[in-house]
Structures are given as structure tokens and as C-alpha cells.
Amino acid sequence: MGVIGYGYWGPNIVRNFSSVDGIQVVAVSDRSPDMLKKAKKAYPALEVSTDPNSILDSGTIDAVAVITPVFTHFDLAKKALENGKHVFVEKPFTLTVGQAEELVDLADKKHLKIMVDHTFLFTGAVKKIKELMDAGALGKLYYYDSMRVNLGLFQHDINVVWDLAPHDLSVMDYLIKEKPVAISATGEVHYNGFEDIAYVTVYCEKNVIAHFNVNWLSPVKVRTTLLGGDKKMLLWNDLEADEKVKIYDKGVEVKSRENVYDLLVSYRSGDAWIPRVDQIEALKLEANYFVDCVTNDKTPINDGHAGLRIVRMLEAASESIKGKGKLVEFQGN
Ligand SMILES: NC(=O)c1ccc[n+]([C@@H]2O[C@H](COP(=O)([O-])OP(=O)(O)OC[C@H]3O[C@@H](n4cnc5c(N)ncnc54)[C@H](O)[C@@H]3O)[C@@H](O)[C@H]2O)c1
């Protein structure tokens, strides 16, 4: 594997891919010679270059990891695929739906894998929630509600929705069966020309509603997600060290519906329980999974189609923000 981009996130990719069997990171490229110095110091055997073509045109590299800012993803991933290499690409997959579709088609034609780094799908918490939801533990789902706020890190090329929401949108996409059908989003710009606070509402089939609060201007860091169903409700607090996921036997029961004045609502407040959640580093599991998908010809859960679904929601959110919350319906899936 060759890794392009050794800024903030790239070193985590190199470290994790270097630790799994079946793959060897042999080269790193970054535009910045300073970043390459760091890479060389940490991994003296690596070949380093400021020119990404040293990786993209290599005759011996089979897979390329694209760990650069989003506006570069399309060109780098396209060239890698054209040159017959599997691609591991950062979130968000691309800047536009059209670019994502082109990459997906190209990978299909060339029988190559695309894996989009939707890291949270590989966390112990999300794996556990998926297991619970697939077993029907929450019952009929009503809502998905997440808050991902902190102070900074301001990005220079994208707004807070494109920076932070891919995490939550990809988790929602993975966990819930009901397909998103429309988006309404609002946000405001205060500093560098990009929205630094935004509220995104996603309407799904079967009256499931999802809401995402993303903010670079929060005095405190919050990472909570609530999932409410008719049987149980779930809280995922990613900042909790040990008790990340809690399931509450709480809910509402309506006894009579004959006319609105007879509506008898009773509230159920039963036990809460805390399932055990694996603590293995998500990126390590994801790196192993990449090798498994490539060598055993499996379709990744976070393939190009998954990346495309997230970009479609991001693009719709941007359009909606421009229209101050205008409802944007989806075409396709
Ligand atoms: N999955 C996650 O949890 C997670 C976390 C952080 C960042 N990311 C993603 O990783 C990507 C990179 O983010 P970052 O925070 O590391 O950014 P960064 O700016 O810190 O690093 C990007 C690096 O890429 C290099 N670069 C840019 N264009 C290049 C090119 N054409 N060829 C070679 N090198 C090039 C830059 O010199 C820089 O060192 C983004 O898409 C971001 O969304 C994902």
C-alpha cells in the first residue's frame, strides 16, 4: 500500500495498516517535505516523495490510501483506480455526487475495491448497537438524534456539515433500515466563509426522523446519540470511557384512540442496562477488514456506494442551507 497524505490523520492510517497482516505500507507521499521527514523518522524503511504519482504510477503498489483534504480525493482516487489499484479513501468520499458515481462505476468496471473511511462503523459501540438493532431490541424505530460539537478544528475547504456530519450520517446509514428521502438543513457562517454551526434534519421512510447538530463553536465537547424505538431507547455517549452504550426500557403506551379526548398515554420506565462494548481501535479493525475484502473479494459495508449515499446527503444539506432550510428531496439511493 502507498499512503497519500501524512497530515493529522495520515499517521493513524500508516500505523494501523502497518500493524495488520497481509498488507505492507511501502510508501508515503505528502506535498509537505516536513510531513515526509516525520514519516521517515517513524518508519525508516518507507519510500517517501512529495509527488503522489510516485505511488499512483508504481508498478508494485496494489492499493492506495487517500488521506488528503476532500477536494483532492476524486483526482487521486480516479488515477489510482485507472492504474488498477484498490482504494481506501477518507471521508467525505468526494465533493459531489457526480464524482462519487464516477468512481463507483470505474471501480466496478475494473473489479477493484473502494473502501471509504467511515471509521465509526468499526467502533465497539456501533458494532454493539448494530447487533442490538438487528435483533430488534429497540422495536419500531422512531428517531435518531445526534450531537457532535466542540471548539474547532476549523477546516479551510469545507463547512462543519462536510467535516463532522459524515461520521453520524455514515453511522445512521449503517444502523437503520429506513431509507432517507429528504433533508432540511440550516446553518450560519461566523468566521471563514463556511458554516461553523448547522442543524440537519433527515426525513426517512416510515416516519423515522433523524437530526444532526454539528458545531465548531461549542465550549464543550459533546458526542451523544439517541435512538428511540417503541420497545426501548438507547443512549450512546462516545466520551464515556466504559459505559458508552445504555439501553433504557422506557417508552409511551397509548391505551385508547377512540377520540382525541380519550387518549390515555402511560409512560413506561423500566430498567436500564449497559452492554459490554469491545475496546479494540476501530482503524485497526478497519485495516484488517480492507485486507479481507481485497484478498477474499468481499463487498465492504463502507464501499463506494456507502460513500456515495453520504455525499448525496451532504450535497442535499448544502443545497438546503442555501435555501434557509428548504426541503430537498432525494433522487435515487
Ligand atoms: N476518519 C476520521 O475519523 C478522520 C479524522 C480526521 C480526518 N479525516 C479525513 O482525512 C482527510 C485528511 O484530513 P487531515 O485532518 O489529516 O488533513 P491535514 O490537512 O492535516 O493533512 C492532509 C495532508 O495531505 C497533504 N496533501 C494535500 N494534498 C496533497 C496531494 N495532492 N498530494 C500529496 N499530499 C497532499 C497535505 O500536505 C497534508 O499534510 C480529510 O478527508 C478528513 O476529512 C478523517
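The following legends describe close-up views of a predicted model.

**View 1. The nine-stranded sheet.**
Nine strands are arranged as an open sheet of mixed pairing, in the order β14-β13-β12-β11-β7-β10-β9-β8-β15. Strands β11 and β12 run antiparallel and are joined by five bridges. Within this pair, Leu-226 has Leu-235 of β12 as its bridge partner. Strands of a sheet pair through backbone hydrogen bonds, either parallel or antiparallel.

**View 2. Strand β10 and its two partners.**
Five of the seven residues of β10 are buried, so this strand is largely enclosed by the rest of the structure. Strand β7 runs parallel to β10, and seven bridges join the two. Asp-145 stands opposite His-211 in β10. The pairing of β9 with β10 is antiparallel and likewise extends over seven bridges. Here Tyr-203 is placed opposite Ile-209 in β10.

**View 3. The β9–β10 hairpin and its turn.**
Strands β9 and β10 form a hairpin with four residues between them. Lys-206, located in the loop between these strands, has a phi near 55°, a positive value in a residue other than glycine. Most residues other than glycine have a negative phi, and most peptide bonds are trans. Lys-206 is exposed, with a relative accessible area of 64%. Val-208 is found in the loop between β9 and β10 as well, but Val-208 is buried, with a relative accessible area of 2%. Leaving aside residues up to four places away in sequence, Val-208 touches Leu-141, Tyr-142, Ile-176, Glu-178, Val-202 and Tyr-203. The C-alpha atoms of Val-208 and Lys-177 are separated by 10.0 Å, the two residues being 31 residues apart along the chain.

Helix α6 (residues 124–134) has eight of its eleven residues buried, so it is largely enclosed by the rest of the structure. The buried residues are Gly-124, Ala-125, Val-126, Lys-128, Ile-129, Lys-130, Leu-132 and Met-133. Their cover includes the helix α7 (160–175) and the strands β7 (141–151), β11 (217–229), β12 (233–237), β13 (245–254) and β14 (265–273). Just after α6, Gly-136 takes a positive phi of about 75°.

**View 4. Helices lying across the strands.**
Helix α7 lies across β7, β8 (180–189), β9 (195–204), β10 (209–215), β11 and β12, and runs at about 150° to β10. Helix α9 lies across β8, β9 and β15, with an angle of about 55° to β8.

**View 5. The contact between helices α5 and α9.**
The axes of α5 (residues 97–110) and α9 (residues 304–322) come within 9 Å and cross at roughly 170°. This crossing makes α5 roughly antiparallel to α9. On the α5 side, Val-97, Ala-100, Glu-101, Val-104 and Asp-108 take part, meeting Gly-304, His-305, Leu-308, Val-311, Arg-312 and Glu-315 of α9. By class, the contact comprises five nonpolar, two polar and four charged residues. An α-helix has 3.6 residues a turn, so residues three or four places apart point the same way.

**View 6. Backbone features in three further loops.**
A cis peptide bond, with omega of about -15°, joins Lys-91 and Pro-92. Pro-92 is found in the loop between β5 (86–90) and α5. A cis peptide bond also leads from Gly-152 to Leu-153, with omega near -20°. Leu-153 lies in the loop between β7 and α7. In the loop between α9 and β15, Lys-324 has a positive phi of about 50° although this residue is not a glycine. Lys-324 is exposed, with a relative accessible area of 63%.

Cys-204 is buried, with a relative accessible area of 6%. Cys-293 is buried, with a relative accessible area of 1%. A search of the whole structure finds zero disulfides. A disulfide is a covalent bond between the sulfur atoms of two cysteines.

Terms used:
Residues numbered from 1 in each chain as written. Predicted model: local features only at pLDDT ≥ 70, side-chain atom pairs only at ≥ 80, totals over all residues. Heavy atoms only, no water. Axes fitted to C-alpha atoms, helices over the stretch in contact; angles between N-to-C directions. Parallel < 35°, antiparallel > 145°, perpendicular 65-115°, else oblique. Contact = heavy atoms within 4.5 Å. Nonpolar A, V, L, I, M, F, W, Y, C, P; charged D, E, K, R; others polar. Buried < 20%, exposed > 50% of the residue type's maximum accessible area, 1.4 Å probe, protein only. Pairing = 2+ DSSP bridges. Disulfide = S-S within 2.5 Å.
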